[in-house]
Amino acid sequence: MEWKIGVIGTGAIGRDHIRRLTNVVHGAKVVALSDIRPENAAGIAKEYGAVFYETGEEVIRDPNVDVILVASWDPTHAGYVLQCIRERKYVFCEKPLGVSAKECRNIIDAELQCGKRLVQVGFMRRYDRGYRALKEIIDSGKIGAPLMVHCCHRNRIPGPQHTTDMTIKNSGIHEIDVLRWLLGEEYETGQVLTVKQNRSAQDGLEDPQIMLLKTGSGVRIDAEINMNSHYGYDIQCEVVGEKGTARLPDPNTILLKTDGTRSCQIYSDWSERFIEAYDIELQQWIDSLNQGALQRPSAWDGYAACVTADTLIQARLKGTIEPVLIREKPAFYE
Ligand code: NAI
């Protein structure tokens, strides 16, 4: 079967997903799209033979659209996802699911009431070859029980609208999700350390920040979130266990030795570093629609990540260690 997809938001990742759904993924066709900046979107619609709508609401309502992909700005996600649930349409929502735990709770309540899982969240690191290998090693017990995790998330430079809160809510949220998935447990407390600030950080932006998390079993995590590395997009993760360590491999790039130097490329952004993960993520989403059984990350995962992000922001503002208060998980999300 070919799923007819409506895409909301045709910026950087929206466009990339439209290309992917058209040229890479099997069993999908983009038939409608919308963006509040019609000047770009109308051209993209023409290029892909899709219908252009002025609003995302019209895309969701279109009876010719089976499923929705939301790739608009963060504050618009929850509203569109709720409308999809009301219309009983499957929706793939780019991260974050909402901009607050409250928005995500509303989505969970709506999905529970509907009685069917419809929502998948775009935490694509779970589909990355390196992270999957890391999880296999942790789960195999080869390094014993994890004790500590050291990670960093470095962007070359942030986007023009980037704020101090977004460092956690928009970027750090990838670490929050992938680490609770890797370790298979929830967080108990969160804290944010301010470090010496980068003089090239944009006006008012606190950068870098260090997120400190403690899980229920006592694993300690430190994650550097650094928006102004200048040298590239660099994601690192090392898990220290009772009898060994495991480190996320760098992506496959050629190691070049020439003129007395050894070098390899560092990617400049997420679209290059995780290109394969996005391909797998969307193919598996389509496959799961065919099987009528959505995979994770679910709305619950989107909620848990948002609660943790909200907690970390509070912890940063107050300069305290805060408890991460996640509500009891309904059996529906097991
Ligand atoms: P962008 O700014 O390049 O594109 C967003 C687009 O959404 C813009 O064209 C904007 O006009 C449009 N838009 C805003 N409000 C809208 C509305 N109400 N209805 C329709 N269109 C609307 O941003 P980018 O980088 O493409 O990010 C989009 C979303 O995807 C963000 O939520 C971001 O967090 C997420 N993202 C996820 C990534 C991942 O690794 N999973 C990577 C990059 C972005």
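**Entry 1: the model**
I am working from a predicted model.

**Entry 2: H4 and H5**
I looked up how two helices pack. Helix H4 covers residues 77-86, and helix H5 covers residues 101-114. I found an angle of about 5 degrees between them. Their axes lie 10 Å apart. Angles under 35 degrees count as roughly parallel, so H4 is roughly parallel to H5.

Next I asked which residues in H4 and H5 meet. From H4 I noted Ala78, Val81, Leu82 and Ile85. From H5 I noted Glu103, Asn106, Ile107, Ala110, Glu111 and Cys114. I then sorted the residues of this contact by type. They divide into 7 nonpolar, 1 polar and 2 charged.

**Entry 3: around the ligand**
I turned to the ligand and listed its surroundings.

I then checked some distances to oxygen atoms of the ligand. For aspartate 35, an N or O atom in the side chain is 2.6 Å from a ligand oxygen. For isoleucine 13, a polar backbone atom is 2.9 Å from a ligand oxygen. For asparagine 170, a polar side-chain atom lies 3.0 Å from a ligand oxygen.

How much of the ligand does the protein bury? Taken alone, the ligand exposes 840 Å². The protein buries 87% of that.

**Entry 4: cis peptide bonds**
The bond from lysine 95 to proline 96 is cis, and its omega is near -5 degrees. I placed proline 96 in the loop between strand S5 (91-94) and H5.

The bond from arginine 296 to proline 297 is cis, with omega near 5 degrees. Where does proline 297 lie? I found proline 297 in the loop between helix H9 (275-291) and helix H10 (299-318).

I located arginine 88 in the loop between H4 and S5.

Notes
Residues are numbered from 1 along each chain as its sequence is written. This is a predicted model: local features need pLDDT of at least 70, side-chain atom pairs count only at pLDDT 80 or more; totals for chains, interfaces and linings use all residues. Side-chain values use heavy atoms; hydrogens and water are left out. Axes are lines fitted to C-alpha atoms, for helices over the stretch in contact, and angles run from 0 to 180 degrees between N-to-C directions. Helices (H or I, at least four residues) and strands (E, at least two) are DSSP runs, numbered from the N terminus. Angles under 35 degrees count as roughly parallel, over 145 as roughly antiparallel, 65 to 115 as roughly perpendicular and the rest as oblique. Contact means heavy atoms within 4.5 Å. Ala, Val, Leu, Ile, Met, Phe, Trp, Tyr, Cys and Pro count as nonpolar, Asp, Glu, Lys and Arg as charged, and the others, Gly among them, as polar. A polar contact is a pair of N or O atoms within 3.5 Å; within protein, one must be able to donate a hydrogen and the other to accept it, and residues adjacent in sequence count only if both atoms are side-chain atoms. Accessible areas come from the Shrake-Rupley method with a 1.4 Å probe; for residues, only the protein chains shown count as cover.
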